[in-house]
Amino acid sequence: MSDTIEQKCVAKGVKLTDQRRVIAQVMSESSDHPDVDELYNRVSKIDPKISIATVYRTVKLFEETGILTKHEFKGGKARYEELNEGHHDHLIDVKTGEIIEFVDEEIEKLQKKVAEKYGYTLVDHKLELYGVKKKSQ
């Protein structure tokens, strides 16, 4: 079981104000990698005193301390997800922004093979595939 964002903050010495705690809780419960606007909408339902500026600053702090990771997305928006030790890749629907996380052993092997072909040992990678959902037949 992975630690929650709140637990990671404590472990990394990030001071958790009440508002940061709400933001951490909402991010921990999110499975859709929200952007800052969506995150703000969710946290303001819990605590209407939280400003969008507070959400921006908190997300930036969590990113800088290695708690969240940022994914650039179409239209200048960025989505955020909890930085986990386990690895997964993303398939992103360019129309809806839906993100599907996956692990594919064949892709993992191919990336290592490509790195070796060019004289490297693969130590990390990030794969984001962008697509449009096929219409049902």
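The chain has 3 salt bridges, a salt bridge being a side-chain nitrogen of Lys or Arg within 4 Å of a carboxyl oxygen of Asp or Glu. The model is predicted: local features need pLDDT of at least 70, side-chain atom pairs count only at pLDDT 80 or more, and totals for chains, interfaces and linings use all residues. Residues are numbered from 1 along each chain as its sequence is written, and side-chain values use heavy atoms, with hydrogens and water left out.

| Salt bridge | N to O distance |
|---|---|
| Arg21 and Glu6 | 2.6 Å |
| Arg42 and Glu38 | 2.8 Å |
| Lys60 and Glu64 | 3.5 Å |

Arg21 pairs with Glu6. Arg21 lies in helix H2 and Glu6 in helix H1 (residues 5–12), so this bridge ties together parts 15 residues apart in sequence. Helices (H or I, at least four residues) and strands (E, at least two) are DSSP runs, numbered from the N terminus. Arg21 is partly exposed at 33% relative accessibility; Glu6 is partly exposed at 27%. Here buried means under 20% relative accessible area, exposed over 50%, and partly exposed in between (1.4 Å probe, protein chains only).

Arg42 and Glu38 sit 4 residues apart in helix H3 (residues 36–46), about one helical turn. Arg42 is partly exposed at 22%, and Glu38 is partly exposed at 31%. Lys60 and Glu64 are also 4 residues apart, in helix H4 (residues 52–64), again about one helical turn. Lys60 is partly exposed at 46%, whereas Glu64 is exposed at 56%.

Now the overall fold. The chain has 5 helices and 5 strands, in the order α-α-α-α-β-β-β-β-α-β. Of its 137 residues, 35% count as buried.

The second largest pocket holds about 170 Å³ of space. A pocket is an open set of points on a 1 Å grid over the protein atoms alone, where a 1.4 Å probe fits, with protein on both sides within 12 Å along at least five of seven lines; lining residues have an atom within 4 Å of a point. The volume is the space filled by probe spheres set on the points, which are joined across faces, edges and corners. Of the 11 lining residues, Ser30, His33, Glu81, Glu82 and Glu101 are closest to the centre of the second largest pocket. Helix H2 (18–29) and strand S2 (78–82) each supply at least two lining residues. S2 gives the most, with 3.

Finally, the loop between helix H5 (105–117) and strand S5 (128–131) contains Tyr120. Tyr120 is exposed, at 58% relative accessibility.
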